Amino acid sequence: MDNITDYVRWVGGTGFEGRPFSRVDNIVLCQLSYLDLKDIPAINEEGGVMTLREAVTELTNLGLSIRKMAPDDSERFTALVKVAANSKRFGDLYISSFTDILNEEDSVQFSAMTFSPEKEGGWAFVAYRGTDSTIAGWKEDFMTSFTLTSSQTMAEEYLRSSLKKFDTVLAGGHSKGGNLAVYASAVLPDDLFNRVEHIYSNDGPGFCPEVLSDDLIKRANPKTTRIIPEFSVVGSLFAPEIDDSYIIKSDKQMAEQHELCSWGIDHGDILISTDGLDPLAERINRGIDKWIYSVDINERRRFINAFFDSMSEDGTQTIQEFTAQGTKGWERILKIVLGDDEGFRFAAASLPDQLFLDGEGKKLSKSGAVRQFRRSELAKGLAMMGAGLTVFLIPEEFLFVLVSILLVAATIISIVLTVKKVKKDNWDFQPHLVDAAVTFGLLAATVITFVKEGALFVMASGIFAALLFAFAYNGMARAKKTHNRKYAVVMIVLSAVWAVSGIWILFAPENTLKVYMIIVGSVAICDGFVRVIRSYRKRHRWYAK
């Protein structure tokens with residue numbers, strides 16, 4: 001399968017006067033708009049203009065690499081830039097009005113450049129860059145679900161400025177850039193809109209109807225071409241109704257198809273897919289759209305702001321920096337998603353419900369059959385086995401964080417409840433001495449855990465031992481209740497093993513927490529397995545008491 005670099009090699013010797021501008025040329029220029037030019041002084045000056053060939057030469061002379069402002073296939077991108085710079089068709093194009101703005105405080109990431117055969121006059125292609133690797137850029141993408149963004153306003157101003165220098169323009173972009181190209185063109189007054197020859201959205205998202213009127217999309221529709229890959233997620237959010245739309249082949253899989261250098265080219269034109277949109281991508285898109293509509297616009301705003309602010313609260317600026325933090329970064333997000341804010345919890349829970357159950361999960365959870373199943377021995381067994389596997393798989397560091405969160409939460413809850421009880425009795429502590437003692441004990445344990453070195457490990461070990469003792473107690477209780485002697489013997493033996501394991505954890509010399517995790521995980525899986533087997537051997541149906 002050929003790609004856009006092959007296309008440039010094939011048509012590179014022919015200028016635009018010999019071969020008219022095509023939708024593949026649009027893809028090439030939108031990809032070239034990711035070229036990092038911010039360290040070239042001449043092009044960053046007001047009125048700075050240079051050809052693509054000159055820009056690449058200048059990067060080389062300054063000892064700078066040909067760098068793509070996005071976290072994907074930079075090797076292919078570098079090859080494309082070099083081939084395009086050495087071609088007549090693209091290398092002779094002037095680059096002007098280079099703009100690269102990043103304002104993390106206001107969540108603004110905007111970049112654009114203009115390609116033209118002449119420095120002024122004639123036609124030009126205004127290329128809006130998509131999202132780069134900054135957290136501010138990604139946050140701004142999600143902000144389109146509840147507001148007009150600063151980048152959209154900047155895109156309109158940029159296009160107006162370009163129309164002062166050139167007779168006609170084509171506007172295009174990739175990802176968020178496609179959204180900006182459509183918006184900037186659609187909101188222009190008639191005299192300027194008539195000078196926009198065409199608009200290209202390359203896997204660019206549409207617009208939330210609460211934010212942008214459908215009438216503006218209808219206005220832009222006759223001049224717009226929309227191209228998306230088979231596995232399109234970004235470009236299918238609020239998918240705009242564009243008549244001239246195409247699904248293109250890609251040589252990559254799933255979400256990686258978003259990358260322009262992977263798009264298929266056939267005999268100088270786009271390689272159109274005959275399979276249509278991938279079914280999984282369709283489900284994801286449908287789920288995300290339903291999620292957005294199921295959450296009130298104000299809750300969307302609060303949730304998205306809190307989510308991305310938690311990612312960058314320690315000064316983290318890029319997605320790569322965030323992922324490099326491992327579990328530490330996700331812990332901050334979990335505090336938001338699983339915190340005390342009911343709106344955040346609802347927003348977080350609604351997303352998987354819409355993605356995997358088409359929004360029926362909430363209804364299903366309230367049905368009689370589901371409630372009966374949750375109370376059954378089979379459900380308890382499966383839950384125990386799942387919990388055991390989870391303990392095996394989660395990182396050791398996460399458990400330390402979880403223990404810390406549980407300890408702090410327990411302390412805060414105990415303090416609040418004790419204060420409420422004492423306040424209710426006109427601050428008479430006497431009837432609530434036990435509550436007060438428990439609260440002070442928890443508070444002291446919390447302080448010691450965070451101050452004394454190694455105390456957190458001891459606390460985590462104690463929790464694991466307590467879990468094993470709880471398993472042992474539960475096993476003995478089940479053995480006492482059953483009339484099945486074999487089952488009773490099995491439960492007594494297992495309870496003894498669990499109790500001994502708990503004692504060993506309490507008094508064993510310091511070990512890695514992973515060993516204790518393996519013990520507790522094994523016990524949980526074993527307990528769940530026993531419950532499942534017992535449920536299976538019952539003669540009546542699974543939901544019988």
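## The β3-β4 hairpin

In this predicted model, strands β3 and β4 form a hairpin with 6 residues between them, and G121 in the turn has a positive phi of about 75 degrees. Strands and helices are DSSP runs numbered from the N terminus (strands E, at least two residues; helices H or I, at least four). Strand β3 covers residues 108-116 and pairs with β4 in the antiparallel sense over 4 bridges; pairing requires at least two DSSP bridges between the strands. Within β4, V126 is the bridge partner of T114.

Strand β4 (residues 123-128) is mostly covered, with 5 of its 6 residues buried, that is, under 20% relative accessible area with a 1.4 Å probe and protein chains only.

## The sheet

An open sheet is formed by 8 strands in the order β1-β2-β3-β4-β5-β6-β7-β8, with mixed pairing. The edges are held by β1 (49-51) and β8 (244-248), each with a single partner strand, so one side of each is left without a neighbour in the sheet. From one strand to the next, the twist averages 20 degrees.

Strand β5 (residues 168-174), by contrast, runs parallel to β4, with 6 bridges between them. There, A171 of β5 is the bridge partner of V126.

## Helices on the sheet

Helix α4 lies across β1 and β2, running at about 90 degrees to β1. Helix α9 (residues 176-186) also packs on the sheet and touches β3, β4, β5, β6 (196-202) and β7 (224-229), contact meaning heavy atoms within 4.5 Å. The direction of α9 makes about 145 degrees with that of β5. Such angles run from 0 to 180 degrees between N-to-C directions, and axes are lines fitted to C-alpha atoms, for helices over the stretch in contact.

## The α4-α5 pair

Helices α4 (residues 52-61) and α5 (residues 74-85) pack at an angle of about 125 degrees, with their axes 8 Å apart. The two are therefore oblique to each other, a class left over once angles under 35 degrees (roughly parallel), over 145 (roughly antiparallel) and 65 to 115 (roughly perpendicular) are set aside. The contact is made by L52, R53 and V56 of α4 with V81, A84 and A85 of α5.

## Basis of the values

Residues are numbered from 1 along each chain as its sequence is written, and side-chain values use heavy atoms, leaving out hydrogens and water. Local features need pLDDT of at least 70 and side-chain atom pairs count only at pLDDT 80 or more, whereas totals for chains, interfaces and linings use all residues.

Conventions: Buried means under 20% relative accessible area, exposed over 50%, partly exposed in between (1.4 Å probe, protein chains only).
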